[in-house]
Amino acid sequence: MSAALRRHPRFISLEGGEGAGKTTALNAIRAALQARGHEVVLTREPGGTPLAERIRALILTPDAEVANEPLSAEAELLLVFAARAQHVRQQIEPALARGGYVLSDRFTDSSYAYQGGGRGLDPAWIADLERRAVGLQPGLTLLLDVDVAVGRARASGRDLGPDRIESEQDDFFQRVRAVFRDRATDDPARFQLIDASQDQAGVAAQVVAAVTAYLSKEGGNG
Ligand code: T5A
């Protein structure tokens, strides 16, 4: 059975490595969309529904805190897609059907970057899961790109201890960044690359400009 992948114009994702600054950017985009009178559903991955948030906890809780049993790369991939399948059906598709915008903090590009680039799993397997279990892509993806060391320093400045993925080494995050950048280069119709090395106001201004340009192009919504 072949499965189709559909791009939805009111579905927007934010991607990037650790500490890229997605939180501020998401709030700026939400405000810009709401100022135009749009319903905006702000959500995140892994997670976004009660069940998917329980799967998120399995993915991000350090191994030693769960069962002292390392989560395999393959199980990690299937868990992120289990959470995503649930998220798409319970949260994203209904919101789009109501006519709202969906703004997601990460989506399938993170699986290509982290499980494909970081863990070394076959991107063809990820593409197959994307088609069969998800079937949906954002119309716009903003990639917040920043040097790995800068992003990790920002993320480690918070009070929380590192989660299971944040505990990986720099080379893992270099591979993650490389995959994100390659995907943006290969798909310029969907991706906008944002220089996330700037301060928070500078990043927010870039993302709002990118979304405004996208809305104008999509048919006068801007
Ligand atoms: N994952 C996810 C997978 O492996 N596969 C998948 O398919 C999916 C969907 C999610 C983890 O799951 C992985 C990727 C992740 O490792 P998470 O906690 O949601 O876990 O992790 P992140 O999304 O990376 O969240 P972070 O909080 O680390 O990054 P953000 O959201 O980009 O950063 P933010 O906005 O919280 O900022 C971090 C800190 O930096 C400061 C902020 O004040 C904050 O303290 N900051 C800046 N400082 C200076 N200049 C700027 N421009 C700044 N922007 C933010």
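The lining of the largest cavity divides into 7 nonpolar, 3 polar and 4 charged residues, where Ala, Val, Leu, Ile, Met, Phe, Trp, Tyr, Cys and Pro count as nonpolar, Asp, Glu, Lys and Arg as charged, and the others, Gly among them, as polar. Please note that this is a predicted model, in which local features need pLDDT of at least 70 and side-chain atom pairs count only at pLDDT 80 or more, while totals for chains, interfaces and linings use all residues. Residues are numbered from 1 along each chain as its sequence is written, and side-chain values use heavy atoms, with hydrogens and water left out.

A cavity here is a set of points, on a 1 Å grid over the protein atoms alone, where a 1.4 Å probe fits but cannot get out; a pocket is an open set with protein on both sides within 12 Å along at least five of seven lines; lining residues have an atom within 4 Å of a point. Grid points are joined across faces, edges and corners, and volume is the space filled by probe spheres set on them.

The largest cavity holds about 110 Å³. Among its 14 lining residues, Gly-17, Glu-18, Val-146, Val-148 and Arg-177 are the closest to its centre. Helix H8 (170–186) gives the largest share of this lining, 4 residues. Helices (H or I, at least four residues) and strands (E, at least two) are DSSP runs, numbered from the N terminus.

I turn to the largest pocket, of about 1,000 Å³. Of its 37 lining residues, Glu-18, Lys-22, Arg-106, Arg-158 and Glu-166 are the closest to its centre. This lining comprises 13 nonpolar, 11 polar and 13 charged residues.
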